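My entries follow in the order I checked things.

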Amino acid sequence: MTSQSTFRFDGASDDDARAAAQQPAQDSAQPEHADHDHAQAPHEGSPLSQEALDAVTQQVRDIAEVPAIEVITTSAVHLMSAAAVKCGLAEGPDAEALKDLDEARKLITALAGFVTAAAPEIGSQHAGPLRDGLRTLQLAFREASTYPDKPGQGPGEKFTGPVFS
């Protein structure tokens, strides 16, 4: 786990969500809407300061400025990196301990579907390197497997077709 908070679209922080989950439920005898003022502003009464709300608004604006092609390629690279680690391709003495071919199969299959679906939208200049990376991972998976899959039955090959070395 990292110490970074995740972005929430409702404006609440992770700490706010944890605190709310730990509070006892309201008395069920009292109607839920009895004390609520429906004319209240969306963030009125929120434990977040105006500065925190402004920061969230800025994050949303920052996300909106990122081109779709960058989001797609970055997502693919994250999948590739995770799959490489799970195939045992990480550097360092613990690379073998991090190897998990069941997880790698899932990541490579997800990557293959993602790249195949995104390719027409992002064009060959962006899809080509992603396909090359995917193929390399598929071959690395086959090499790392004690009992390699037959061509056409490896991870992601239902999307890409058989991969040969």
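I started with helix 3 (residues 68-86) and helix 6 (residues 124-144): their axes come within 10 Å and cross at roughly 10°. Axes here are lines fitted to C-alpha atoms, for helices over the stretch in contact, and angles run from 0 to 180 degrees between N-to-C directions. Helix 3 and helix 6 are therefore roughly parallel; the cut-off for that word is an angle under 35 degrees. Helices are DSSP runs (H or I, at least four residues), numbered from the N terminus; strands are E runs of at least two.

I listed the contacts (heavy atoms within 4.5 Å). From helix 3 come Ile69, Thr73, Ala76, Met80, Ala83 and Ala84; from helix 6 come His126, Pro129, Leu130, Gly133, Leu134 and Leu137. By class, this contact has nine nonpolar, three polar and no charged residues. Nonpolar covers Ala, Val, Leu, Ile, Met, Phe, Trp, Tyr, Cys and Pro; charged covers Asp, Glu, Lys and Arg; the others, Gly among them, are polar.

Note on provenance: this is a predicted model, where local features need pLDDT of at least 70 and side-chain atom pairs count only at pLDDT 80 or more, while totals for chains, interfaces and linings use all residues. Residues are numbered from 1 along each chain as its sequence is written, and side-chain values use heavy atoms, with hydrogens and water left out.

Next, the whole chain. I found seven helices and zero strands. Buried residues make up 22% of the 165 residues. Buried means under 20% relative accessible area, exposed over 50%, partly exposed in between (1.4 Å probe, protein chains only).

I then checked arginine 142, in helix 6. Arginine 142 counts as buried, at 18% relative accessibility. Leaving out residues up to four places away in sequence, arginine 142 touches Pro148, Asp149, Lys150, Pro151, Gly152, Glu157 and Val163.

Last, salt bridges (a side-chain nitrogen of Lys or Arg within 4 Å of a carboxyl oxygen of Asp or Glu). The structure holds five. Aspartate 149 pairs with arginine 105, closest N and O atoms 2.7 Å apart. This pair links distant parts of the chain, 44 residues apart: aspartate 149 is in the loop between helix 6 and helix 7 (157-160), arginine 105 in helix 5. Aspartate 149 is partly exposed at 22%. Salt bridges that share partners also join Asp102, Glu103 and Lys106 into one network. In it, lysine 106 bridges to aspartate 102 at 3.4 Å and to glutamate 103 at 3.5 Å.

Note on methods. Angles under 35 degrees count as roughly parallel, over 145 as roughly antiparallel, 65 to 115 as roughly perpendicular and the rest as oblique.
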